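Me: I've got a model open and want to go through it quickly. Can you take my questions as they come?

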Amino acid sequence: MSVTLLYPDLLARLRHETRPYHEALEQNPFNRALATDDVTAAVVERFLAKMYGFLLPYEARVQAAALGPEWQTIDRQRAHLIRTDLGAARADALPQCAALPPLQSETALLGAMYVMEGSTLGGQFIGRALLKAGLPASAYFEGHGPRTGALWKAFGQMLTQTITAPADQAAVVASAALTFQALAEWINKA
């Protein structure tokens with residue numbers, strides 16, 4: 001039986017085939033602290049610093065790609081939000097991830113975007129948990145605010161409507177898996 005028959009929807013296939021990588025990413029110190037109510041401002045700042053170091057070069061690659069103006073707007077970028085959270089001087093001094101997955105093709109970029117766009121949904125959940133824990137609000141975790149769901153839905157529709165060939169779908173899934181792995185390695189790196 002082919003994967004296409006099992007998962008006629010690319011988003012369902014992505015969720016299923018990248019689940020182990022997504023779950024491994026969630027085993028980072030920040031998420032463990034959040035799950036056990038041991039999250040502190042210092043843990044949040046370290047996580048934001050790591051995310052900034054990944055997002056800045058990732059977003060530069062998305063900007064350099066010819067995906068169309070709707071994917072290159074500030075609406076889809078979030079590194080600047082972390083810069084707000086941490087302060088410009090601190091953000092400018094942070095190391096950047098050099099081990100991004102290959103993002104030279106449209107399918108590779110879209111696979112990576114699946115991971116990063118999806119993180120906006122989890123970010124809102126985390127933001128509410130941080131506020132409940134008495135920690136300050138974070139622009140990064142607010143993401144796109146009330147537009148988060150609509151932007152995610154638009155991305156999902158574009159992805160499922162434009163990536164229909166089995167080989168292209170496989171390339172998107174492979175890129176998403178590599179992105180989850182690269183992000184997990186970067187966040188867990190001391």
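Me: Where does aspartate 37 lie?
Reply: In the loop between H3 and H4. Helices here are DSSP runs of H or I, at least four residues, numbered from the N terminus. This is a predicted model: local features need pLDDT of at least 70, side-chain atom pairs count only at pLDDT 80 or more, and totals for chains, interfaces and linings use all residues. Residues are numbered from 1 along each chain as its sequence is written, and side-chain values use heavy atoms, with hydrogens and water left out.

Me: Is aspartate 37 buried or exposed?
Reply: Exposed, with a relative accessible area of 70%. The cut-offs are under 20% for buried and over 50% for exposed, with partly exposed in between (1.4 Å probe, protein chains only).

Me: What about phi of aspartate 37?
Reply: Near 60°. That is a positive value in a residue other than glycine.

Me: Switching topic. Where is serine 138?
Reply: In the loop between helix H7 (106-132) and helix H8 (139-142). Serine 138 is buried, at 7% relative accessible area.

Me: What is serine 138 in contact with, leaving aside neighbours within four places in sequence?
Reply: Leu48 and Asp85. Contact means heavy atoms within 4.5 Å.

Me: How many residues has the largest nonpolar core?
Reply: 54. Such a core is a set of buried Ala, Val, Leu, Ile, Met, Phe, Trp, Tyr and Cys residues joined through side-chain atoms within 4.5 Å. Those with the most contacts inside it include Met51, Tyr58 and Phe141.

Me: Which element gives the most to this core?
Reply: H4, with 10 residues.

Me: How do H4 and H10 cross?
Reply: The axes of H4 (residues 41-64) and H10 (residues 166-188) come within 9 Å and cross at roughly 135°. That makes H4 oblique to H10. Axes are lines fitted to C-alpha atoms over the stretch in contact, and angles run from 0 to 180 degrees between N-to-C directions. Under 35 degrees counts as roughly parallel, over 145 as roughly antiparallel, 65 to 115 as roughly perpendicular and the rest as oblique.

Me: Which residues of H4 and H10 meet?
Reply: Arg46, Phe47, Lys50, Met51, Gly53 and Phe54 in H4 meet Thr179, Ala182, Leu183, Trp186 and Ile187 in H10.

Me: And H2 with H9, at what angle do the axes cross?
Reply: Roughly 105°, and the axes come within 9 Å. H2 and H9 are therefore roughly perpendicular to each other. Leu10, Leu11 and Leu14 of H2 make the contact with Trp152, Gly156, Leu159 and Thr160 of H9.

How values were computed. Helix = DSSP H or I, 4+ residues; strand = E, 2+ residues; numbered from the N terminus.
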